[in-house]
Structure formats: structure tokens, C-alpha cells
Amino acid sequence: MTAPVMKNDRLTVTIEDLTHDGNGVAKVDGYPLFIAGALPQELVQVHVLKVLKNYGFAKVLEILEPSADRVIAPCDYFVQCGGCQLQHLSYEGQLKWKQRMVENVMKRLGKIDAPVLPVKGMDEPWHYRNKSQIPFAQGEIAPIAGFYKTKSHTIVDMERCLIQTAEADVIMADFKRELTALGIRPYNEEAHKGMLRHVVIRKGRTTNEVMVVVVTTARKFPQAEATVAKIRELVPNVTSIVQNINPNKTNVIFGDETVTLWGKDVIEDTIGDVRFEISARSFYQVNPIQTEVLYKQALDYAQLTGNERVIDAYCGIGTISLFLAKKAKHVMGVEIVPQAIEDAKRNAELNGFTNTYFEAGPAEEIIPRWYKEGKEADVLVVDPPRKGCDEALLNTIIEQKPKRVVYVSCNPATLARDLRILEDGGYQTQEIQPVDMFPHSTHCEAVALLELAL
Ligand SMILES: C[S@@+](CC[C@H](N)C(=O)[O-])C[C@H]1O[C@@H](n2cnc3c(N)ncnc32)[C@H](O)[C@@H]1O
């Protein structure tokens, strides 16, 4: 089939949907054109830039009929920075789009008919991120710091970010300006030279504690003392300053070695009334307000009365496990990263739980073994990575038939696929509740409740 458009054509099209990158999609005789900056329902005049066999790209020349949900993106860096994709869509419009997107994916990919409820969004969808990982580099005149452009390693030099904390803004703007005076050379990725690679800032929302992690290429950091003094001056509520050493030629932010330069090794935060210790490299959800909403939804769907045995698969540092442990008889968590399991055990102890058990390993191997050993579950919670649940785990669920499954998902496509497998195996999806963990991005979390069909 030849494409119905040619490079440099000028066309008027109606936008039907948004892609995962936040580009508008229009169809010309069924041929998809991806158009940056265009929103669903808009009538736009476009210039075709590139024509491939199955799809093409175009840019907006004029918006003839704007969407009622179009707004001016409040962030000055929105067009260049790859962090947010939807700031030109009102927050209400984003939530409506996310609900529709989850609904469509469920129907199209999973033939799932369960109701998808309106997305639970934030009252104040700004400055929600409790963690910023800021890359540094040498600009033409002075050091630069910010976030990467979409799909690149080019840093957009920034002074602030509307979704991060005020403390991270201070590092991005004020600490950057001090680097030359401190004698710290930022890292040059191509030449693999220089000292400062990233600064990572984490904040405990409920405790106000702040950790600043300075990622350097070498252990020997002659400016360490001056850096600590400067950070303490700029960020008065800092409670922990840590150096992480990453000498490798890699995109991975952290290296293996971490040393505390000043203050505590960890910061603390609470979700609901559960307390967590967070170290420089611990996994911890980045939107603490919505994490509580997400976990409350999981708790609600779990319908615990105090007598249930619960398995939390893909448990990370045990956040969901501990959230459920107050209402359950017993919770067993499994997670593949051993360090995260150590964190989970420590956090269970910190909170005085005696009805939890954590084990490191692949969920698809550990859970079948637990069942063989007679450790059964009434409720099984899964919160897998984007690729979804391992098929062996889904088969174990289908064989062992826990009465209820609560599926927490960060990828609607794999959720739809896995719900189909579970429905074919005897479960019925009751309801799907999306939760907006990442306002202004195209990501959407969702929690699904499944029960054994009678
Ligand atoms: C989306 S996170 C969820 C973490 C946790 N429930 C939370 O809310 O913080 C998914 C977790 O699954 C873990 N993981 C990935 N593959 C796994 C596997 N095969 N078995 C067990 N855990 C796995 C990852 O290390 C990660 O911690």
C-alpha cells in the first residue's frame, strides 16, 4: 500500500487521539499521522514532515479549532524538556483522556468489559515529585543542569521545574551557579571526564527531611567539605548529604559505592501511618500523596477483616505489604531485589509489625513454593513492573484460586493482557480504578479488583 500523503503536503486534519509520547494522532484514509503539540478533537492545518510505510509525522501550522481543554503550558521549558508531555492539556482534560485511554486499552487489548472508573487525580497537581535526579554538564559559558530533551541526552538548562520540590529548584539554579567557585568540574559524558555527574534530591513529604546525593566519578572528592557547607547554606532543611561514586561509562545514574558526607544515612517519610526509612538508592514511589490514594484503593479492594492471609507479589520495599498488614492476619511479600527486601524487613521492624514475612526472589518461583509448603493466601496483591506479571505466576493464581486478586499496574496494556488470562482462568474483573500518579505525563496507574467467578 502506498501512503495517501506525501512529504511537504499541507493538510487539514482532525486529531483523534494522543500517543504515549503526547503527540496528536490524525488518520488520513486510515493512515496515521503523528503531530506534536496537537490535542484530541482539534482541527489543525499541518505540514507533512516524514512519510513512512505505515505512518508519518507532521507539524502544526495552525490550530483552526482548538480543543476546549487546551491551556497555555505553565512551564517555560515544556516544549524542550522531555519530562512532561501534557501541560498544554488542562488537568481535567488529562484525567478525562487517561480514563478513556485505560477504557480503550482494556476493551481493545483484553476484551475486558469491567467498568473503568473516573481517574483519581490530585487537588494540586504541581510540585508532587519527592525525588529529582538532575544531570550536570559544562555549558559553553558556565555549568548547566536540568532535565534531558525527549529521547536524548541533551540537557535543557533549567532554573526550576513545576513538578519538583523547592529544594530541588535550589540545587538546579543556585548550587549550579556555585560550581565554578567551588572548583567542581561537571562531568562530560562523551569525553568521560569531570567530577560531578548528577545531584539527586529526595524529600520526606511528611517529615520535611531532605537528602542530597552528589554523584561523582571518583571517590576522592577534594571539594567535599566545601560542597557540604554550600548545600547546608542553600538548603537549610537538609538532613543528609551523601556522595555516590559512579566511575563507569554508563547511563545508569548510581554507582555501587555510597558514603555519607554529613548528617544521617537515611531520611524518613510516612504513607498513611506507616513510617519508612529511605536511603540514597532505595526504591520509593515518587508521588507520595497519590501513593496513599493508590494503596488505599488496594486496601479497599482487598476487603480485609483481620482474618485474611495476604501475599504481596513484586513488593519492593514492602510499602503495600505494610499498608495492608494492620488489617490482615498475615502478609507475605516477595521481591526480586534483595536490598529492597532488607529495607522491607527493617521498615516492618520500625513499625512494630510481627505479622509480616519477606523473601527475596522471583515471584513466579517463590509463590508456587509457598503454596507447596501450605502457605496459602486468601487475597493476592500484584504490583509488577511495566512488562506485567510472569505467566508462571498467573498460572499459579489460576491453579491456587485465591478468592480475590488486587492488581496494581503501571501499564494498562500489560494489565489488559493479564486480566484476560485471569478471566479465562476463572476470575471476573469487577472494577478498574485509575489513579494519576504522574500529572502532566501520559502515564497512568490503575488498580483492578478480580474475584473468582461462581
Ligand atoms: C512497580 S514496582 C512495585 C513496588 C512496590 N509494590 C511499591 O509500590 O513500591 C515492581 C517491583 O517488582 C520487582 N520485580 C521485578 N521483577 C520481579 C520478579 N520476577 N519477581 C519479584 N519481583 C520483581 C521490581 O524490582 C520492583 O520493585
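In this predicted model, strand β7 (residues 131-138) and strand β10 (residues 196-203) run antiparallel and are joined by five bridges. Within this pair, Q133 has V200 of β10 as its bridge partner.

Two helices pack on the sheet to which these strands belong. Helix α2 touches β7, β8 (143-148), β10 and β11 (210-216), whereas helix α3 touches β11, β12 (238-245) and β13. Their directions relative to one strand each are listed below.

| Helix | Residues | Reference strand | Angle between directions |
|---|---|---|---|
| α2 | 166-182 | β10 | about 150 degrees |
| α3 | 224-234 | β12 | about 145 degrees |

The sheet itself is open and consists of seven strands in the order β9-β8-β7-β10-β11-β12-β13, with mixed pairing. Strands β9 (155-157) and β13 (257-263) stand at the edges; each has a single partner strand, so one side of each is left without a neighbour in the sheet. On average, neighbouring strands are turned by 30 degrees against each other, direction ignored.

At the level of the whole protein, the domain assignment gives domain 1 (10-65), domain 2 (95-123 + 287-452) and domain 3 (131-271). The centres of domain 1 and domain 3, taken over C-alpha atoms, are separated by 39 Å.

Helix α4 (residues 288-302) comprises 15 residues. From its first C-alpha to its last, α4 reaches 21 Å, close to the 21 Å expected at 1.5 Å a residue. Buried residues of α4 include P288, Q290, T291, L294, Y295 and Q297, as well as A298, L299, Y301 and A302. The helix is followed by Q303, which has a positive phi near 50 degrees.

Conventions: Residues are numbered from 1 along each chain as its sequence is written. This is a predicted model: local features need pLDDT of at least 70, side-chain atom pairs count only at pLDDT 80 or more; totals for chains, interfaces and linings use all residues. Domain bounds come from an automatic or database domain assignment. Two strands pair if DSSP finds at least two bridges between them. Helices (H or I, at least four residues) and strands (E, at least two) are DSSP runs, numbered from the N terminus. Axes are lines fitted to C-alpha atoms, for helices over the stretch in contact, and angles run from 0 to 180 degrees between N-to-C directions. Two residues are in contact if their C-beta atoms, placed from the backbone, lie within 7 Å. The expected span of a helix is 1.5 Å times one less than its number of residues. A residue is buried if 20 or more other C-beta atoms lie within 10 Å of its own, exposed if 12 or fewer, and partly exposed in between; C-beta atoms are placed from the backbone.
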